[in-house]
Amino acid sequence: STLALNVSTALTNAGQEVTLCELRPGQGTIGLQLGFSRSTGLSTLLSKNATEINPRDVENHLATHGSGLR
């Protein structure tokens with residue numbers, strides 16, 4: 001998690017648009033390292049039927065950090 005966060009932060013600082021995704025709800029630390037107390041976007045998406053999820057849903061559930069990292 002720390003390596004992925006560091007690389008993502010460096011790419012964001014270099015002007016890249018970066019989306020960092022932690023795929024183990026409740027078990028990762030990236031959200032905490034970024035200062036998010038409780039992000040529920042992935043859990044919300046996982047509670048839906050896979051056929052109901054579309055790119056707009058994913059975009060709407062992304063948390064955005066002040067640095068621009070999503």
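Colleague: Why does E17 count as exposed?

Modeller: E17 has 68% relative accessibility. Exposed means over 50% relative accessible area, buried means under 20%, and partly exposed lies in between (1.4 Å probe, protein chains only). At 68%, E17 is therefore exposed.

Colleague: What kind of model is this?

Modeller: This is a predicted model, in which local features need pLDDT of at least 70, side-chain atom pairs count only at pLDDT 80 or more, and totals for chains, interfaces and linings use all residues. Residues are numbered from 1 along each chain as its sequence is written, and side-chain values use heavy atoms, with hydrogens and water left out.

Colleague: How do you know that R70 and E17 meet in a salt bridge?

Modeller: A salt bridge needs a side-chain nitrogen of Lys or Arg within 4 Å of a carboxyl oxygen of Asp or Glu. The R70–E17 pair has N to O at 3.6 Å. That is within 4 Å, so the name applies.

Colleague: What parts does the pair of R70 and E17 tie together?

Modeller: R70 lies in the segment after α4, and E17 in the loop between α1 and α2 (30–33). These parts are 53 residues apart in sequence, so the bridge ties them together.

Colleague: What makes R70 and E59 a salt bridge?

Modeller: Their N to O distance is 2.5 Å, again within the 4 Å limit. E59 lies in helix α4, so this pair joins parts 11 residues apart in sequence. E59 has a relative accessible area of 43%. That value falls between 20% and 50%, so E59 is partly exposed.

Colleague: Which residues are joined into one network by shared partners?

Modeller: E17, E59 and R70.

Colleague: How many salt bridges does the structure hold?

Modeller: Three. K48 and D57 also make one, at 3.5 Å, N to O. K48 is partly exposed at 29%.

Colleague: Why is D57 called buried?

Modeller: D57 has 14% relative accessibility. Buried is under 20%, so the label holds. D57 sits in helix α4 (residues 55–60). Leaving aside neighbours within four places in sequence, D57 is in contact (heavy atoms within 4.5 Å) with L45, K48 and E52.

Colleague: What makes L5, V18, L20, I30, L34 and L69 a nonpolar core?

Modeller: A nonpolar core is a set of buried Ala, Val, Leu, Ile, Met, Phe, Trp, Tyr and Cys residues, joined through side-chain atoms within 4.5 Å. These six residues make up the largest such core. L69 touches several residues beyond four places in sequence, among them L5, V18, L20 and L34. In soluble globular proteins, nonpolar side chains tend to be buried together.

Colleague: Why are L3, V7 and L11 called a nonpolar surface patch?

Modeller: Patch residues need over 30% relative accessible area and no salt bridge; like charges are joined within 9 Å, nonpolar side chains (Val, Leu, Ile, Met, Phe, Trp, Tyr) within 5 Å. V7 is at 42%, so V7 clears the 30% limit. The patch covers about 280 Å², with areas from the Shrake-Rupley method and a 1.4 Å probe, counting only the protein chains shown as cover for residues. V7 lies in helix α1 (residues 2–13).

Colleague: How many helices and strands does the chain have?

Modeller: Four helices and zero strands. Helices (H or I, at least four residues) and strands (E, at least two) are DSSP runs, numbered from the N terminus. Of the 70 residues, 17% count as buried.
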